[in-house]
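These are notes for a colleague who is opening this model for the first time. Please read them with the structure in view.

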Amino acid sequence: MARPLRIEFEGAVYHVTSRGNGRADIYLSEEDREMFLEALAHVVDRFGWICHAYCLMSNHYHLMIETPKGNLSRGMRQLNGIYTQRFNRAHNRVGHVFQGRFKSIVVDKDAYLLALSRYIVRNPVAAGMVENAGDWPWSSYRATAGEIKPPPYLHVDWLLSRFGRAKGKARLVYASFVAGADEVSPWDGLNGPDVLGDDDFRTRLQPYAGSATDEVPKRKKQLRHLPLAEIAVEGRDRGEWMREAYREHGYTMQEIADHAGLHHSTVSRFIKVADDKNPRNKT
C-alpha cells in the first residue's frame with residue numbers, strides 16, 4: 001500500500017507537528033528543549049529552510065516552515081532523528097520518542113500565514129499554561145515581538161513586514177495582533193487533511209502531489225464524476241456521501257459545500273469524521 005501523500009515543492013510553506021509516542025512528553029527538562037532547538041538550527045541551516053514560527057509544548061511541537069528547496073520530508077527525518085538520538089542518550093533510554101510520522105499541512109502563505117503564526121505562539125495560552133504568549137519562553141513570540149534577539153534559525157522579517165514597514169512599529173502591531181480578542185481559527189480554512197487554502201489553491205498543488213512509492217492509488221487517478229444528486233441520496237449519512245464525492249468522484253470541497261448549503265470547512269470536518277470511522281477510506 002502506498003504511504004500517505006506528501007505535497008512537496010520549492011517555496012512551499014507548512015504547518016508541521018510531531019507528537020510524543022503514546023502522547024508522552026518529548027521534553028523532560030529545559031535542557032531537552034534547548035537540545036531540540038539546536039537540532040532545529042542544524043536542520044534549518046543544512047536544508048535551507050526558513051522557519052517563520054515555532055512553539056515547543058510538552059508532548060508535541062509546532063513549526064511553520066518554508067522550504068525553498070522542496071525538501072520537507074528529508075529535513076524532518078533529520079530533525080526528529082537527531083533529537084531522538086540525543087534525547088535517548090541524555091536520559092539513558094531506547095526506542096521511539098515520536099509517534100509515527102510527522103504531520104504536515106501545506107499552507108496558502110498569503111491567505112493564512114498570519115493567522116497560523118498567531119495560532120502557533122498562542123498554543124500555551126490556549127492550553128492554560130500561561131496567561132500571555134510572551135510568558136512562554138519556548139516559542140518564537142518573544143523574538144518576533146522584539147523582546148529578545150531572534151536566533152539565527154528564526155526568520156522574522158517576512159512576518160513583520162505584514163504589519164508595517166518600520167520594524168519597531170511592526171513589532172507592536174504584531175504583539176497586539178497576537179493578543180487580540182478577535183482571534184479567528186485558521187483551521188476554518190482547512191481544505192481536506194493536508195491543505196490550508198481554498199479550492200483554487202488546492203488545484204494549483206495537484207502537480208506536486210506524490211507519494212513515497214510514486215504510486216498514486218488507482219481510484220485517485222480514475223475518478224468517476226457522478227452527479228452529486230446521485231451520490232447525496234436522501235437518508236444517506238451526510239459525512240459518508242461527502243467523503244465519497246470528495247475522495248472517489250473528484251468533487252472539490254467547495255462544490256460539495258455549495259450542493260449541501262454549508263461552508264467548505266464544515267464539509268472538511270464531515271469528511272474527516274467519515275475517514276476516522278474507516279481509515280481505509282483515506283487511501
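1. The model, which is predicted, holds 14 aromatic pairs. Rings of Phe, Tyr and Trp (its six-membered ring) pair if their centres lie within 6.5 Å; planes under 30 degrees apart are stacked, over 60 edge-to-face and the rest tilted. One of the pairs is Phe9 with Tyr208, which is stacked, at 4.4 Å centre to centre and 25° between the planes. Phe9 lies in the loop between strand S1 (6–7) and strand S2 (12–19), and Tyr208 in the loop between helix H8 (199–205) and strand S7 (209–210), so the pair ties together parts 199 residues apart in sequence. Phe9 is buried, at 16% relative accessible area, whereas Tyr208 is partly exposed, at 40%. Buried means under 20%, exposed over 50%, and partly exposed in between (1.4 Å probe, protein chains only).

2. Tyr119 and Trp187 have ring centres 5.4 Å apart and planes at 85°, so this pair is edge-to-face. Tyr119 is in helix H3 (residues 109–121) and Trp187 in the loop between helix H7 (167–179) and strand S6 (195–196), 68 residues apart. Tyr119 is partly exposed, with 23% relative accessibility.

3. Ring pairs also join Tyr27, Phe36, Tyr61, Tyr83, Phe87 and Phe98 into a cluster.

4. Two arginines deserve a look. The charged end of Arg118 sits over the ring of Phe177, 4.0 Å from its centre, and that of Arg162 sits over the ring of Trp158, 4.4 Å from its centre. The criterion is NZ of Lys or CZ of Arg within 6 Å of the ring centre and within 35 degrees of the ring normal.

5. The chain has 13 helices and seven strands; these are DSSP runs numbered from the N terminus (helices H or I, at least four residues; strands E, at least two). Of its 283 residues, 48% are buried.

6. How do helices H11 and H13 cross? The axes of H11 (residues 238–247) and H13 (residues 264–277) come within 8 Å and cross at roughly 95°. Axes are lines fitted to C-alpha atoms over the stretch in contact, with angles from 0 to 180 degrees between N-to-C directions. H11 is therefore roughly perpendicular to H13, a term covering 65 to 115 degrees. Residues that meet here include Arg238 and Tyr246 in H11 and Phe270 and Ile271 in H13, where contact means heavy atoms within 4.5 Å.

7. On conventions, residues are numbered from 1 along each chain as its sequence is written, and side-chain values use heavy atoms, leaving out hydrogens and water. Local features need pLDDT of at least 70 and side-chain atom pairs 80 or more, while totals for chains, interfaces and linings use all residues.

Key. Parallel < 35°, antiparallel > 145°, perpendicular 65-115°, else oblique.
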